[in-house]
Amino acid sequence: MGWLNAVVQGLLLGGLYALFATGLSLMFGVMRIVNLAHGDLAVVASFLALALVSGTGLPLWVVLVVTVPLFAVLGYLTQRALLQRSLSAGPLATLLVTFGLSIVLQNVLLEIFSADTRTLDGGSFATGSFELNGTISVGYLSLTTFLLACLALTGIQLFLSRTGLGRMLRASSDDRETANLVGADSRHVYGIATAIAFATVALAGLMFAIRSSFDPAIGPSRLIFAFEAVVIGGLGSLWGTLLGGVVLGVTQSVGAQIDPALTLLAGHLVFLAVLAFRPQGLLAGRTT
Amino acid sequence: MTLLSIRDLTVHHGQLRAVDGLSLDLAEGEVLAIIGANGAGKSTLLRALAGLNPPTSGSVHLKGRDITRFPAYMRVSEGIALVPEGRRLFSSLTVEENLLTGAYRRRPGPWSLARVYELFPWMADRRRQRAAQLSGGEQQSVAIGRALLSNPDLLLIDELSLGLAPVIVGRIYQVLPDIVATGATALIVEQDVSQALRVADRVHCLLEGRSVLHGRPQDLTAEQVEQAYFGIGAETAGKGRD
């Protein structure tokens with residue numbers, strides 16, 4: 001394992017962080033909701049996939065294809081039924097609602113699945129890899145995750161820039177009242193934003209689950225990665241989020257190369273440095 | 001034919017009764033100007049018509065249909081578009097994207113992107129610029145274009161002249177006849193009284209949320225308007241002819 005290899009692994013991991021952070025960034029950008037349950041939602045997706053795999057015996061890719069759209073629908077309903085009500089009561093109310101949701105989700109998972117640590121078995125796909133020029137080995141799973149993340153981010157970017165609804169999402173983010181004036185039903189627009197956020201977090205949650213172990217209480221410690229990716233990259237920019245995720249991934253990976261105990265600390269330090277010296281993020285922009 | 005009919009409309013702006021039992025009718029194809037001093041309730045009236053401020057009492061009918069309780073986005077489908085005070089363009093969107101947001105509801109009608117570019121020829125060349133980079137007058141034109149793309153039957157324009165040089169204001173008002181010629185009806189709120197009298201078929205002067213003078217511009221004397229505007233000599237109130 002050389003330094004270059006560490007950078008490549010970090011880059012690939014960064015794609016996953018970016019995918020994971022996208023929903024957080026989107027929900028904040030469009031609705032000003034800080035979703036504290038974001039990490040737990042990823043864990044719910046992990047457990048749901050686990051239950052589906054062990055319950056039905058379906059192959060993993062089918063579970064993936066089922067879970068992601070299911071979460072999108074769930075996101076739309078959560079927005080319309082739960083978050084929309086709290087939005088009118090101010091930003092503190094939504095923060096409390098998502099905090100409450102986080103606790104509820106953790107305890108429901110604990111009740112159903114117990115506190116045991118689990119993994120989602122990806123078979124040979126999860127452990128296989130190929131060699132690049134002898135020193136760098138790239139895992140199939142890492143590469144697939146990275147490509148999926150890029151694909152998802154590109155898709156969202158195209159949706160936001162090319163479609164009428166996507167344009168309205170950005171318009172609502174700029175000025176909600178005027179968006180209503182030109183015909184946007186905020187509840188629907190917000191529902192769509194939440195649906196995208198939930199779909200991406202489910203995809204990220206499944207990737208995390210194949211990659212490493214998870215338990216019902218791990219959500220909040222995952223959430224911090226999403227926050228860090230968003231803040232490092234710059235709030236409200238999808239490409240910023242990708243950059244933030246990559247910076248975080250590479251830092252952690254290079255940190256681990258120095259000393260495995262440094263993995264998380266290195267990421268946090270870069271995050272703090274960005275907050276201190278460039279609080280607007282590396283790519284300050286507003287495209288979402 | 002009557003397009004818009006407002007009956008005993010009362011709208012509160014916070015604690016303040018900004019519009020107080022106002023009634024007025026608007027015929028199809030007409031330009032009605034609402035003038036009045038600061039705080040007379042002009043903008044609140046337009047916001048209520050666009051669905052942003054819910055009325056306390058009274059009713060609003062558009063083409064005979066009661067839309068009093070409709071939210072803003074549904075009124076766009078019904079054919080109401082507001083050019084809001086201060087332009088309110090979407091700052092992170094380009095000029096063309098701003099215009100296209102107006103077409104979100106896909107209401108059929110004469111206005112298309114090409115038609116708006118015909119009305120404001122400079123816009124086509126600068127359609128990829130961010131709206132925030134435009135001058136005030138240009139932003140105002142984009143805001144009008146955005147409203148037109150929703151193909152409204154009733155175009156509400158709030159304080160078009162706010163913060164703009166008179167020569168720019170005059171130039172923007174020049175397109176109003178073209179807009180009305182396509183079949184739209186316009187209700188404009190204007191602080192610049194002489195400008196309002198020049199472009200309008202009829203004028204209402206508001207004072208403390210009530211209509212104190214109304215009539216055709218050529219039938220009103222400068223003195224009448226001045227007195228109604230400032231609320232001097234309440235005995236002349238309501239004497240204007242329709």
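In the hairpin that strands β9(B) and β10(B) form in this predicted model, 2 residues lie between the strands, and E208(B) takes a positive phi near 50 degrees.

Strand β9(B) is mostly covered, with 6 of its 6 residues buried. In a regular strand the side chains alternate between the two faces of the sheet. Along β9(B), R202(B), H204(B) and L206(B) point one way, while V203(B), C205(B) and L207(B) point the other way, and all are buried.

Chain A can be followed through its helices. Two packed helices are described by the angle between their axes and the distance between the axes. For helix α1 (residues 3–31) of chain A and helix α6 (residues 140–162) of chain A, the axes come within 8 Å and cross at roughly 40 degrees, which means that α1(A) is oblique to α6(A). The crossing in which α1(A) passes α6(A) is left-handed. On the α1(A) side, the residues that meet α6(A) include L12(A), L16(A) and L19(A), and those they meet in α6(A) include F146(A), L153(A) and I156(A). By class, the residues of this contact of α1(A) with α6(A) divide into 12 nonpolar, 5 polar and no charged.

A further pair in chain A is helix α3 (residues 60–87) and helix α4 (residues 91–113), whose axes come within 7 Å and cross at roughly 150 degrees. Because angles over 145 degrees count as roughly antiparallel, α3(A) is roughly antiparallel to α4(A). L82(A), L83(A), S86(A) and L87(A) in α3(A) meet A93(A), T94(A) and V97(A) in α4(A), and the contact of these helices has 5 nonpolar, 2 polar and no charged residues.

Finally, the two chains meet where 21 residues of chain B are in contact with 16 residues of chain A. On the side of chain B that touches chain A, α2 (72–78) and α3 (95–101) of chain B each supply at least two residues, and the largest share, 4 residues, comes from α2(B). By class, this side of chain B has 11 nonpolar, 6 polar and 4 charged residues.

Note on methods: Residues numbered from 1 in each chain as written. Chains lettered and ligands numbered in written order. Predicted model: local features only at pLDDT ≥ 70, side-chain atom pairs only at ≥ 80, totals over all residues. Axes fitted to C-alpha atoms, helices over the stretch in contact; angles between N-to-C directions. Parallel < 35°, antiparallel > 145°, perpendicular 65-115°, else oblique. Contact = placed C-beta atoms within 7 Å. Nonpolar A, V, L, I, M, F, W, Y, C, P; charged D, E, K, R; others polar. Buried ≥ 20, exposed ≤ 12 C-beta atoms within 10 Å, placed from the backbone. Pairing = 2+ DSSP bridges. Left-handed = near helix turned anticlockwise from the far one by under 90°.
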